Structure formats: structure tokens, C-alpha cells
Amino acid sequence: MIVVGGTYEERVTVPAHDDIAGSGLRAAAALRSQTGVRLATALDAASAPAARSAFATLSIDAAAIVERDEPVGFRYFTPVSSPSIDGPSARYGSVLAADDDVALVFGMVETGGREIRARRVVLDPQRPRDLAALNLHGITADELTVVANAREARALAPATDSLSAAARQILANSGAAAAVVKDSACGCLVVTADGVTVTRVGPYPTRSVWPLGSGDIFAAGYATAWANGADPVEAARVGSGSAAWWCGTRVNQVPAAILAGTPANEVLDTAAAELVPSDQPPLLYLAAPFFSLAERWLVETCRSVLIGLGARVFSPLHDVGPGGDEVARRDLDGLDRSDAVLALLDGWDPGTLYEAGWAHHRGIPVVGFLQGPGHEGTKMLVGTGAELHRDLSSALYRSVWAGQGHPLTPGRVT
Amino acid sequence: MSGSDSGGLSGPATGGSAASPCESLRLERTLEAPVPGVADLLTGDDLLQVVLREGQPPLVVAVDQAGQDAGGIVPTGQLIDCLRRGFRFEAEVTSRNGGAIQIQVRAVP
């Protein structure tokens, strides 16, 4: 297999993270247990020494490297934030050529020519914004699978009203054998050649979640399984398990057993069995103070991310609004309808704690986000079943999974 | 202090009171290609020396207290630059996760 994709610097502000990655490098590293995996990518003079060092350290066969004219990097405030991109106008001069039985092709920031020939191609557009059409230029394949995330799928099929419809349209427009839409915390949708049957494959919930790059690892797992004869649904299940491994460990080499189809929870003890998604998106109650700019920013961020993860959100700030004593009953009415609560606990706001206690009384699971130091108050929360996280990404994903029925593990996760 | 990643860094010989980007560099990493018989003996809080091996390409290696290679470290350009400037780095074993050894790379105070 040849992996065609970018090698980029990735930086996160909170939690601090600085690495050489990019879709191409990450996917090639993920598949190190497989024989014959090669990487085709682009490097510039400034980035090349560290990147080549990474290739050597990770035993990546960088079979084709073209020269780009400037460094490219992604900077995130948090792992769930949209990135700012350094070097968005980067170009490479030579044609990026790849020829193999199977090719995993990621969209790249850099522009330039490509000539990719393979019996089977998995194409992941990997474009965070401004995606209008699938770029099949320079790709020759007998069979194609398109693997896109939900945002990309909506961009590729803007007139559709559901992810299923978007997947069908992508399939029809591309002539692919299968289209897979990654729906983050809700797993993925698979549409195969008949264009009718839509199968949802669930996620394997992990105790902690590092989401950056999980889509790359999913595509790597999918491509490997598909190359080895799995049908698209089986391959998507391998992709989901591979992504769970990465999210739960941050170890980029996916175990051969997972790539061969062993469920992730049988390999990784902090992963649960595949969560069978419900047709109805979970309703999350966002319990939080919103009195300062910082608190308000966090509420806005969490609400936006939860919606992006496939949940519906009841936010007292957005759905009831600030007010006097009269808002309390309306807030609690919303809470009673919710499937799970995400409580933003820093500051120990009395209203937020009241809502967490109310949720417990009603049997609604509570996930807490708490960065501050240990507090006596955590006893009551953890002692009544709440799961507290210092990591924002983990708290967000866990709350969505709790809303879909995944049982929480009471405790404090650092 | 220029704040630049290159060209403006003060080396260790120049002293100075403010922490340079090299002194504040922290990287969370997995110990890559762990060496059998060396890496398996590592436990939490063990300290490894971080060594730059020049070549094409340059490699960054974690070495145990007995001087044995324990495994490789995926570098950044800044880490390679800081090691070339003479800053010393160490790697602390922070956890074992999914059979992998997690380390934190940081400058030696």
C-alpha cells in the first residue's frame, strides 16, 4: 500500500502539544505492523531534517518525496478547535507519483500535480474549509472508497438534509464502490454500491480521548482492511477500532490484531465494546456558569463542539437565557428531557452543582470538566456516579457517549 | 530574547536570567522502537538521557543510566536545534499505555 498525504507540524496550545505529523505521516506510522507500506509526501528545506528523522525513527518508508516551497503547519487552541493553517499557499513543483495495488490518498494543503494509480484507492479529502467538490484529478483506480468527515460530507452535498443522503450523493457523484462518512463520537455511516443501504458503525468508547488525527487513523484502518478483503462495513469497523486505539492511547502504531479485525476492546482495556448508536442524536444538557467572558467562551465552545459531535444541546444560556428566579423551572424542564449532562465545574458555581445533583436524582449521567485543583466537592459528584475529566476533549466525547447509553466509570480522570 | 525559533536563541554558555525557548521546551512522546532488554526494564519516573546522533538524517535517541539505547524519539526541528546548541535534555518515563512507554522530554535544569 502507498499512503499519499501531508507531513506537517502540529501544535496545540492547551494541552501543550508539538509534533511532526500530518495525515500522511500519521497513517503510514499507524500501519507499521503491515508489510510494504510506503509514504508519498512533500517536504520543504526547513522541515526536512526533523521530518526525515521522524521517518527513520518510525521506520516509515518514504518512497516518494517532492519538494514544497514553504513549511506547512496546523495550530489548534485545543484539540477540538478548528485549526489555523501555516503555509496555506504552499506548492510543490514535481508531480507526486504513486503506483501500488492499494493507495490511501489524503487531501493535502499543498497544491501541485499528482499521478496516482492503484487497483483500489481510498480517498479522504481532508479539507477543513472551502471544500466544494471532490478532487479526483490525477487518480486512476479500479475501485474507489470516499472517506469523509461529516463536515466535509455536508460541504460535498450541500442540498441534502441528512448525512445518509449526503453519503448517497457522494457515492453517486464519485462513482465510488463505497462512501463512508465519519461522524466522530457517533461512529460512521457506510453506503455501498447499491446506493440504498446505509449501515451505521458505532464507536468504541475509550476512557480518555485525543481526537486530533483520529480521522487519519480511521482511514488507515479502513484502507488496510479493505485491501485485505473486508467489505466496506467490516472495513469501517476496523477503522473505528483503529481510531479508538489512537484516541485512547496516543500511540500511533495500530496493533496488527485490530487491523485484522479484532474488536478494539479486546486489545485495549480502556476501550469499551462498540456502542450501537441510536437513530436519535443524544440530547446533552450543558450545565455551566456564564457570568464572565471566559465562562461564556467555554460554554460557546462546548456547545459548538457537542453539536459537531452529533449531539443536540440544551444550553440554559441559549435555550432559556439569563433572567431571574423564573428561569430555574425552565432550566430544569430542559434537564429532565436530557440524556446526559456535561457540567463545567471550574469555579464551583452553585447553579451548576444544583443541576448536577438534580440530574443524579433523575438518573441522568453526569460528566464533569474540572481543570482546577482537587476539591472536597468532587466527593459528592464522584460518589454519586459522575465522571470528572481534566481534559476538555475527553469530557466532551464522554458526555456524548453517556448520552447514547454508554455507562460511565465514576472517578477522576487526569 | 528574540522569541524566534531560530537565530535568536541564547546558548547555554551565554547565561542570562530569562528561560530560553530551549529551556522551556517540553515534548510528550512515545518511546519508539523500544530496545528489548533495556526498555522493558523502565518504570515510572525513570530518567533517560536524550542524545542527538548526527547523520542523514539526524536521530534523537533515549539512553538509560548505563549508557544503553532504550529507544528513539520523534523530534521537532526545535529539539534538534537545541541539542545542536548544546542544551542537555532528559526524558522521564511518565506511563506505560497500551504496552507503549510514554515519556516527557525536557531540558535538564
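Predicted model: local features only at pLDDT ≥ 70, side-chain atom pairs only at ≥ 80, totals over all residues.
Local features need pLDDT of at least 70, side-chain atom pairs count only at pLDDT 80 or more, and totals for chains, interfaces and linings use all residues. Residues are numbered from 1 along each chain as its sequence is written, chains are lettered from A and ligands numbered from 1 in the order in which they are written, and side-chain values use heavy atoms, with hydrogens and water left out.

Helices (H or I, at least four residues) and strands (E, at least two) are DSSP runs, numbered from the N terminus. The expected span of a helix is 1.5 Å times one less than its number of residues. Helix α8(A), residues 293–308, has 16 residues and should span 22 Å, which agrees with the 22 Å between its end C-alpha atoms. Its buried residues are Leu298(A), Val299(A), Thr301(A), Cys302(A), Val305(A) and Leu306(A). An α-helix has 3.6 residues a turn, so residues three or four places apart point the same way. On the face of α8(A) turned away from the buried side are the exposed residues Leu293(A) and Ser304(A).

The buried residues of α8(A) pack against β14 (283–287), β15 (312–314), α9 (316–320), β16 (340–344), β17 (366–369) and α13 (392–403) of chain A, where contact means heavy atoms within 4.5 Å. Just after α8(A), Gly310(A) has a positive phi of about 100°.

In α10(A), the residues Val327(A), Asp331(A), Leu332(A), Gly334(A) and Leu335(A) are buried. Down the axis of α10(A) these fall within an arc of 155°, so they line one face of the helix. Their cover includes β14, β15, α9, β16 and α11 of chain A.

Helix α13(A) has 12 residues and reaches 17 Å from its first C-alpha to its last, close to the expected 16 Å. Because 12 of the 12 residues are buried, α13(A) is largely enclosed by the rest of the structure. Among the buried residues are Tyr397(A), Arg398(A) and Trp401(A). The elements that cover α13(A) include β14, α8, β16, β17 and β18 of chain A. Just after α13(A), Gly405(A) takes a positive phi of about 100°.

**Two helix pairs**

Axes are lines fitted to C-alpha atoms, for helices over the stretch in contact, and angles run from 0 to 180 degrees between N-to-C directions.

| Pair | Residues | Angle | Axis distance |
|---|---|---|---|
| α10(A) and α11(A) | 327–336 and 350–361 | about 40° | 10 Å apart |
| α1(A) and α5(A) | 23–30 and 214–227 | roughly 50° | within 9 Å |

The angle makes α10(A) oblique to α11(A). Likewise, α1(A) and α5(A) are oblique to each other. Angles under 35 degrees count as roughly parallel, over 145 as roughly antiparallel, 65 to 115 as roughly perpendicular and the rest as oblique. The crossing of α10(A) and α11(A) is right-handed, and that of α1(A) and α5(A) is right-handed. A crossing is right-handed if the near helix is turned clockwise from the far one by less than a right angle, and left-handed if anticlockwise.

From α10(A), the contact with α11(A) involves Arg329(A), Asp331(A), Leu332(A), Leu335(A) and Asp336(A); from α11(A), Tyr354(A), Glu355(A), Trp358(A) and Ala359(A). In the other pair, Ser23(A), Arg26(A), Ala27(A) and Ala30(A) of α1(A) meet Asp216(A), Ile217(A) and Ala220(A) of α5(A).

**Glu387(A)**

Glu387(A) belongs to strand β18 (residues 387–389) of chain A and is buried, at a relative accessible area of 0%. Leaving out residues up to four places away in sequence, Glu387(A) touches Arg207(A), Val366(A), Val367(A), Gly368(A), Arg398(A), Leu408(A), Thr409(A) and Gly411(A). Its C-alpha atom is separated by 9.2 Å from that of Ser399(A), 12 residues apart along the chain.

**Backbone exceptions**

Most residues other than glycine have a negative phi, and most peptide bonds are trans. The bond from Val14(A) to Pro15(A) is cis, with omega near -5°; Pro15(A) lies in the loop between β2 (8–12) and β3 (17–21) of chain A. In chain B, the bond from Gln56(B) to Pro57(B) is cis, with omega near 5°. Ser59(A), not a glycine, has a positive phi of about 55° and is exposed at 61% relative accessibility. Arg250(A) has a positive phi near 60° and is partly exposed at 31%.

Technical notes: Buried < 20%, exposed > 50% of the residue type's maximum accessible area, 1.4 Å probe, protein only. Arc of directions from axis to C-beta.
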